[in-house]
Amino acid sequence: MSTLDLFSLKGKKGFITGAARGIGKCLADAFTEMGASIAIVDIDIAEAEKTAKELAARYSAHTIAIRCDVTDAEDIGQMMDTFIKEYGSIDFAINNAGIANTYAAEEISSKDFKKVVDINLNGVFLTAQAAARQMIKEGKAGSIVNTASMSAHITNIPQKECSYAASKAGVIAMSRNMAVEWADKNVRVNTISPGYM
């Protein structure tokens, strides 16, 4: 059996947020190579469409692009409606959209701090919640993976990233609770903590 067969995701359907570029795009590439049908979800729809077309051509795969602001519950609802209309059901969700800034803790404005937390923590909650609701409704096993960061575990030096570290630590604590709450509903929740990219 080949390595690709061991990690096969043939027949699986899911979305990846923040997948137009960066870590999200790398995840989308890997999931598509493993046979999954995916939605590239991003606020930058032009880049998302470009990534979706690129992966569809490379792997002869079923990919679509959906524009979504992960801080907007209504937008997320529309994204889920579009996803289900296209794929019929959901098996996994990778909640990866995020931003960072490097303002010193004594200088960062409340607006800038809130923006990071809103996207990195609240956005992960809202997209995970939407995926879990659909998985529970379908009554089948589902998998949710939320992107945290090494910055949730350590203090990076010399970067000044108080807002980013707080948001990513929140992702870990929140995901731990989600995992316990949804375990009896057959929805698994895990996190990954990437390092420098």
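**A tour from the sheet to the pockets**

Select Gly-14 to begin: Phe-92 in β4 is its bridge partner. The model is predicted, with local features requiring pLDDT of at least 70 and side-chain atom pairs pLDDT 80 or more, while totals for chains, interfaces and linings use all residues. Residues are numbered from 1 along each chain as its sequence is written, and side-chain values use heavy atoms, without hydrogens and water.

Strands (E, at least two residues) and helices (H or I, at least four) are DSSP runs numbered from the N terminus, and strands pair if DSSP finds at least two bridges between them.

Next, display the open sheet of six strands, ordered β3-β2-β1-β4-β5-β6 with parallel pairing. β3 (63–67) and β6 (187–192) each have a single partner strand, so one side of each lacks a neighbour in the sheet.

Now turn to the largest pocket, with a volume of about 810 Å³. Its 34 lining residues include Asn-96, Ala-97, Gly-98, Ile-99 and Ala-100, the closest to its centre. A pocket is an open set of points on a 1 Å grid over the protein atoms alone, where a 1.4 Å probe fits, with protein on both sides within 12 Å along at least five of seven lines; lining residues have an atom within 4 Å of a point. Points are joined across faces, edges and corners, and volume is the space filled by probe spheres set on them.

Finally, select the lining of the second largest pocket, of about 190 Å³; among its residues are Leu-9, Phe-92 and Arg-188. β5 gives the largest share of this lining, three residues.
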